Amino acid sequence: MVRWPGLRPCLSAILNPAGASSMAAAEVPGYLVSPQTEKHRRARNWTDAEMRGLMLVWEEFFDELKQTKRNAKVYEKMASKLFEMTGERRLGEEIKIKITNMTFQYRSEERPVKKRKVRSCHLQKKKLRLLEAMLEEQRRLSRAMEETCREVRRVLDQQNILQVQSLQLQERMMSLLEKIIAKSNV
């Protein structure tokens, strides 16, 4: 079967002359899509669960990927393992692209730090001073809290002593009242 790259727009216009531009790409049958268009179609976004699964699968197959030059089969194994973990189907090629993109992103984020070593050192010292000040404030608050706790314990101890004394006085009063009542009844 011959595939013609320019056929898709023509078919869209023929099938829907009033609004050719409104026809979605998904409405054109797959056998009419050129290999170039098919290859450059954007994949759906990766979910958080897929990303976590990818990280675990990548870790599991990392050594195997490094050992082989032609590793399409390894990526396919990774895809099936990812499918087992998440229930989401991804192609080995998608996994390869995602790993390549993540590696590139990690390396590009790593480089600016090296260029700004002097500035970074200044920021680190500033952060250190800030952390030291926060630590000192925390110690001061901790000492104040300990002092407050000691004061609360002291007050509670005094309250307990006063309650015991109050009970003792009540018992004396009751015994005196009993004696007075006993004398008055005689």
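This is a predicted model: local features need pLDDT of at least 70, side-chain atom pairs count only at pLDDT 80 or more; totals for chains, interfaces and linings use all residues.
Reader: Which helix has the lowest mean pLDDT, and which the highest?
Author: The mean pLDDT of the protein is 80, and 73% of its residues reach 70 or more. Over residues 10–26 the pLDDT is below 50. Beyond near neighbours in sequence, that stretch has nine contacts in the model. Among the elements, the lowest mean, 43, belongs to helix H1 (residues 7–15), and the highest, 93, to helix H4 (residues 72–86).

Reader: Which helix gives the most to the lining of the second largest pocket?
Author: This pocket has a volume of about 240 Å³. Its lining includes Trp58, Phe62, Lys96, Ile99 and Arg107. Helix H3 (48–67) and helix H5 (92–115) each supply at least two lining residues. The top contributor, with five residues, is H5.

Reader: How do the residues of that lining divide into nonpolar, polar and charged?
Author: Leu65 and Tyr75 are among the lining residues, as are Asn71, Thr100, Thr103 and Lys66. By class, the lining of the second largest pocket holds five nonpolar, three polar and three charged residues.

Reader: How many aromatic pairs does a search of the whole structure find?
Author: A pair of aromatic rings is described by the distance of the centres and the angle of the planes. To pair, ring centres must lie within 6.5 Å. The search of the whole structure gives a count of zero.

Reader: Over which ring does the charged end of Arg90 sit?
Author: Two arginines are placed over rings. The charged end of Arg89 sits 4.0 Å from the centre of the Phe83 ring. For Arg90, the distance to the ring centre is 4.2 Å, and the ring is that of Trp46.

Technical notes: Residues are numbered from 1 along each chain as its sequence is written. Side-chain values use heavy atoms; hydrogens and water are left out. On a 1 Å grid over the protein atoms alone, a cavity is a set of points where a 1.4 Å probe fits but cannot get out, and a pocket is an open set with protein on both sides within 12 Å along at least five of seven lines; lining residues have an atom within 4 Å of a point. Grid points are joined across faces, edges and corners, and a volume is the space filled by probe spheres set on the points. Helices (H or I, at least four residues) and strands (E, at least two) are DSSP runs, numbered from the N terminus. Ala, Val, Leu, Ile, Met, Phe, Trp, Tyr, Cys and Pro count as nonpolar, Asp, Glu, Lys and Arg as charged, and the others, Gly among them, as polar. Rings of Phe, Tyr and Trp (its six-membered ring) pair if their centres lie within 6.5 Å; planes under 30 degrees apart count as stacked, over 60 as edge-to-face and the rest as tilted. A charge sits over a ring if NZ of Lys or CZ of Arg is within 6 Å of the ring centre and within 35 degrees of the ring normal. pLDDT is the predictor's confidence in each residue, from 0 to 100. Contact means heavy atoms within 4.5 Å.
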